[in-house]
Amino acid sequence: VANCYMGRIGLINSGGESGANDLADAVKTAVINKRAGGSGLILGRKAFQKPMADGISFIQAVQDVYLCPEIKLA
């Protein structure tokens, strides 16, 4: 975490396998990742194993977390 705050190492979380609460889990993980100084999530299975429209809205929800100015470093 200290290296993320100091800009030395980017923190990217893996999304894990797809499940029942994928959207809520991904958004929660994105908020935690951003507050910890992280730079993104790996969403492969959670986004790309869904119908295209669902996958796109899923990815956009996670992008909205990183674009939201109210979510800051913890």
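Angles under 35 degrees count as roughly parallel, over 145 as roughly antiparallel, 65 to 115 as roughly perpendicular, and the rest as oblique.

**Ground rules.** I am working with a predicted model, where local features need pLDDT of at least 70, side-chain atom pairs count only at pLDDT 80 or more, and totals for chains, interfaces and linings use all residues. I number residues from 1 along each chain as its sequence is written, and side-chain values use heavy atoms, with hydrogens and water left out.

**Two helices.** I looked up helix 2 (residues 22-35) and helix 4 (residues 52-67), which pack at an angle of about 20° with axes 9 Å apart. Helices here are DSSP runs (H or I, at least four residues), numbered from the N terminus. Axes are lines fitted to C-alpha atoms over the stretch in contact, and angles run from 0 to 180 degrees between N-to-C directions. The two helices are therefore roughly parallel to each other.

**The core.** Next I looked up the largest nonpolar core and found ten residues, including Ala30, Val31, Phe58, Val65 and Ile71. Such a core is a set of buried Ala, Val, Leu, Ile, Met, Phe, Trp, Tyr and Cys residues joined through side-chain atoms within 4.5 Å. Helix 2 and helix 4 each supply at least two residues of this core.

**Val65.** Is Val65 buried or exposed? Val65 counts as buried, because its relative accessibility is 6% (buried means under 20% relative accessible area, exposed over 50%, partly exposed in between, with a 1.4 Å probe and protein chains only). I found Val65 in helix 4. Leaving out residues up to four places away in sequence, Val65 touches Val27, Ala30, Val31, Lys34 and Ile71 (contact means heavy atoms within 4.5 Å).
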